[in-house]
Amino acid sequence: MSIEERNAFGNLILLCTPHHKVVDKTSPDEYPVQLLRSWKAQREAAGQTALAGLRQVTEARLEEMILDVLHQRDRELNAAIARFEEVDSQAAAVLRDLLRQLEEANLASSALNQDSVTTLDRAARKLQSSVNLDVVTMLDRAARKLEKLPSVVDQLTSAAWDLQNKLPDR
């Protein structure tokens with residue numbers, strides 16, 4: 001196998017450091033290519049099946065899937081804290097308070113308000129008739145992703161209002 005083939009993404013198999021050394025350096029003869037490929041195939045099979053369905057995922061469905069995962073994580077954390085509470089109720093109370101503080105911090109971290117996002121969205125839609133659609137679409141997506149970037153809120157709001165004032169109403 002050439003160096004390029006060895007370094008190709010398709011040849012990648014993730015191992016912990018000790019096993020990586022054993023497989024690649026200490027005892028490579030004990031781990032033939034066929035064995036390594038079968039390990040890789042077994043490990044990646046479930047992920048490949050899950051990824052195959054992503055082509056049909058809409059933005060709304062992706063958001064739903066992410067929220068489902070976050071809710072599952074929250075249920076698991078709360079269940080773990082409940083079990084921990086049986087052993088150490090004070091430590092569990094501290095953990096619950098930390099989770100509450102994290103949730104509050106996450107809610108407070110949203111930089112752009114809904115009005116600013118709506119204004120940017122309207123401006124992007126008005127530009128669609130006079131600018132390359134691909135560029136407008138990219139700007140629209142970028143504006144939606146900027147909700148969590150507090151350092152640019154004032155600049156974006158100002159730019160959106162400037163754009164809105166310069167464009168004729170439709």
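This is a predicted model: local features need pLDDT of at least 70, side-chain atom pairs count only at pLDDT 80 or more; totals for chains, interfaces and linings use all residues.
**Fold.** I counted secondary structure first: the protein chain has eight helices and zero strands. Going along the sequence, I wrote the pattern down as α-α-α-α-α-α-α-α.

**Whole chain.** I then looked up burial, and 15% of the 170 residues of the protein chain count as buried. The accessible surface comes to about 13,800 Å², and carbon and sulfur atoms hold 57% of that area. For contacts with a separation of 6 or more, I found that 51% join residues 24 or more positions apart.

Next I went for the largest pocket, which holds about 590 Å³ of space. I listed 17 lining residues, and R6, N11, V23, D24 and L36 are the closest to the centre of the pocket. Which helices each supply at least two residues of the lining? I got helix 2 (17-26) and helix 3. Helix 3 gives the most to this lining, with four residues.

**K40.** I stayed on helix 3, which covers residues 33-52 and includes K40. Is K40 buried or exposed? K40 has 15% relative accessibility and the cut-off for buried is under 20%, so I put this lysine down as buried. Leaving out residues up to four places away in sequence, I see K40 touching F9, G10, L12 and I13.

**Salt bridges.** Side chains of opposite charge can pair when their charged atoms come close, so I looked for such pairs here. The count comes to four salt bridges, and I noted three of them in detail.

- K40 turned up again, in a salt bridge with E44, where the closest N and O atoms are 2.9 Å apart. Both residues lie in helix 3, four residues apart, about one turn of the helix. I checked cover on each side: E44 is partly exposed at a relative accessible area of 32%, whereas K40 is buried at 15%.
- R73 forms a salt bridge with D74, and I read 2.8 Å between the closest N and O atoms. I have R73 as partly exposed, with a relative accessible area of 42%. D74 is also partly exposed, at 23%.
- E85 forms a salt bridge with R96, with 3.6 Å between the closest N and O atoms. Why did I mark this pair as tying parts of the chain together? E85 lies in helix 4 and R96 in helix 5, so the pair ties together parts that are 11 residues apart in sequence. For accessibility, I wrote down a relative accessible area of 35% for E85, which is partly exposed. R96 counts as partly exposed too, at 33% relative accessibility.

**Nonpolar patch.** Last, I looked for nonpolar side chains on the surface. F84, V87, V94, L95 and L98 form a nonpolar patch there, with about 450 Å² of accessible area together. Which elements give two or more residues to the patch? I found helix 4 (59-87) and helix 5 (89-108). Helix 5 gives the most, with three residues. V94 is in helix 5.

**Tying up.** Two spots came up more than once in my look-ups. Helix 3 supplies residues to the lining of the largest pocket and holds the pair E44 and K40.

Methods
Residues are numbered from 1 along each chain as its sequence is written. Side-chain values use heavy atoms; hydrogens and water are left out. Patches are made of residues with over 30% relative accessible area and no salt bridge: like charges are joined within 9 Å, nonpolar side chains (Val, Leu, Ile, Met, Phe, Trp, Tyr) within 5 Å. Accessible areas come from the Shrake-Rupley method with a 1.4 Å probe; for residues, only the protein chains shown count as cover. Buried means under 20% relative accessible area, exposed over 50%, partly exposed in between (1.4 Å probe, protein chains only). Contact means heavy atoms within 4.5 Å. On a 1 Å grid over the protein atoms alone, a cavity is a set of points where a 1.4 Å probe fits but cannot get out, and a pocket is an open set with protein on both sides within 12 Å along at least five of seven lines; lining residues have an atom within 4 Å of a point. Grid points are joined across faces, edges and corners, and a volume is the space filled by probe spheres set on the points.
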